[in-house]
Amino acid sequence: MSKRALKAYTDQLDRSALREQIHDLYERFPEVKTYYNFIFNPKEDKLLAEAMARISEEYFPKKRRRARARRSVAHKYLKHFKTLGVDPSLQAELMAFNLDIGLRFEKVRNCPEAFYKSMYRSYREWGAHLIHSGIYRDYREKYAQIADEVAQADWPNKDSFQDFLEQL
């Protein structure tokens with residue numbers, strides 16, 4: 001169904017029918033319920049803390065022996081934050097946290113080449129998000145600090161981090 005067709009359909013409905021459909025969507029689909037729960041009670045700090053704890057657990061597990069170190073976990077939370085419309089600065093905090101955790105993890109583990117590529121991709125996405133949201137100035141020092149820490153840790157792709165930093 002196109003957006004135009006949806007608008008035409010909702011224009012035909014009276015107020016009570018529209019209200020009934022929203023109630024039905026809320027009960028049937030967990031995404032709709034999550035969205036409305038966030039809209040009416042936006043506990044962004046709690047959501048951020050939960051995401052940070054989950055990402056930290058991914059790299060430094062307490063219950064199992066081996067870390068999975070999947071970037072996809074952080075990516076899932078970032079996508080969820082964007083869907084809900086969380087403040088861009090909180091999204092930037094989560095992106096920075098993901099890179100910090102990656103740096104800490106790399107110090108204690110021998111990581112494959114894919115890990116470094118993935119962290120570089122996260123770094124680029126973070127920079128694009130900062131520019132797009134207009135908050136790069138607030139995070140400029142932290143952004144440069146991450147690139148410096150990568151250079152100090154002697155990552156194989158450290159030059160890519162520095163080059164991207166200079167582009168910004």
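Here is a chat about the fold and some residues of a predicted model.

User: Okay, new structure. How many helices and strands are in the chain?

Analyst: The chain has nine helices and zero strands. Keep in mind that this is a predicted model. Reading along the sequence, you get the pattern α-α-α-α-α-α-α-α-α.

User: What radius of gyration does the chain have?

Analyst: The chain has 20 Å, while a compact globule of 168 residues would have a radius of gyration near 15 Å. As for the box, the C-alpha atoms fill roughly 65 × 40 × 30 Å along the principal axes.

User: And how much of the chain counts as buried?

Analyst: Of the 168 residues, 34% count as buried.

User: What share of the contacts comes from residues 24 or more positions apart?

Analyst: That share is 60%, counting contacts with a separation of 6 or more.

User: Switching to charges. How many positive and negative ones are there?

Analyst: There are 31 positive and 25 negative charges, and their mean positions are 5 Å apart.

User: Now rings. How many aromatic pairs does the model have?

Analyst: The count comes to 17 aromatic pairs. Take Tyr59 and Phe105: their ring centres are 5.4 Å apart and the planes sit at 65°, so this pair is edge-to-face.

User: Why edge-to-face at 65°?

Analyst: Because planes over 60 degrees apart count as edge-to-face, and the planes of Tyr59 and Phe105 are at 65°.

User: Where do those two lie, and what does the pair tie together?

Analyst: Tyr59 lies in helix 4 (residues 44-59) and Phe105 in helix 6 (residues 88-108), so the pair ties together parts that are 46 residues apart in sequence.

User: Are they buried or exposed?

Analyst: Tyr59 is buried, with a relative accessible area of 2%. Phe105 counts as buried too, at 6% relative accessibility.

User: What about Tyr123 and Phe161, how is that pair arranged?

Analyst: Tyr123 and Phe161 form a tilted aromatic pair, 4.8 Å centre to centre with 50° between the planes. Tyr123 belongs to helix 7 (residues 113-133) and Phe161 to helix 9 (residues 158-167), so this pair links parts 38 residues apart in sequence. Both Tyr123 and Phe161 are buried.

User: Is Glu57 buried or exposed, and why?

Analyst: Glu57 is buried, because its relative accessibility is 18% and buried means under 20%.

User: And Arg71, where is that one and what does it touch?

Analyst: Arg71 sits in helix 5. With residues up to four places away in sequence not counted, Arg71 touches Tyr59, Ser118, Arg121, Ser122 and Glu125. Arg71 counts as buried at 15% relative accessibility.

User: Where is Asp154, and what is its phi?

Analyst: Asp154 is found in the loop between helix 8 (136-153) and helix 9. Phi of Asp154 is near 60°, a positive value in a residue that is not a glycine.

User: Speaking of glycine, where is Gly127, and is it buried or exposed?

Analyst: Gly127 is in helix 7 and is buried, with a relative accessible area of 0%.

User: So what does it touch?

Analyst: Gly127 touches Tyr143, Phe164 and Leu168, not counting residues up to four places away in sequence. Gly127 and Ala144 are 17 residues apart in sequence, and their C-alpha atoms are 11 Å apart in space.

User: Last one: Val108. Which helix, and buried or exposed?

Analyst: Val108 is found in helix 6. Val108 is exposed, with a relative accessible area of 57%.

User: How far is Val108 from Tyr136?

Analyst: Val108 and Tyr136 are 30 Å apart in space, C-alpha to C-alpha, and 28 residues apart in sequence.

Methods:
Residues are numbered from 1 along each chain as its sequence is written. This is a predicted model: local features need pLDDT of at least 70, side-chain atom pairs count only at pLDDT 80 or more; totals for chains, interfaces and linings use all residues. Side-chain values use heavy atoms; hydrogens and water are left out. Helices (H or I, at least four residues) and strands (E, at least two) are DSSP runs, numbered from the N terminus. The radius of gyration is taken over C-alpha atoms; the globule rule is 2.2 Å times the number of residues to the power 0.38. Buried means under 20% relative accessible area, exposed over 50%, partly exposed in between (1.4 Å probe, protein chains only). Contact means heavy atoms within 4.5 Å. Lys and Arg count as positive and Asp and Glu as negative; His and the chain ends are not counted. The place of a charge is taken as NZ of Lys, CZ of Arg, CG of Asp or CD of Glu. Rings of Phe, Tyr and Trp (its six-membered ring) pair if their centres lie within 6.5 Å; planes under 30 degrees apart count as stacked, over 60 as edge-to-face and the rest as tilted.
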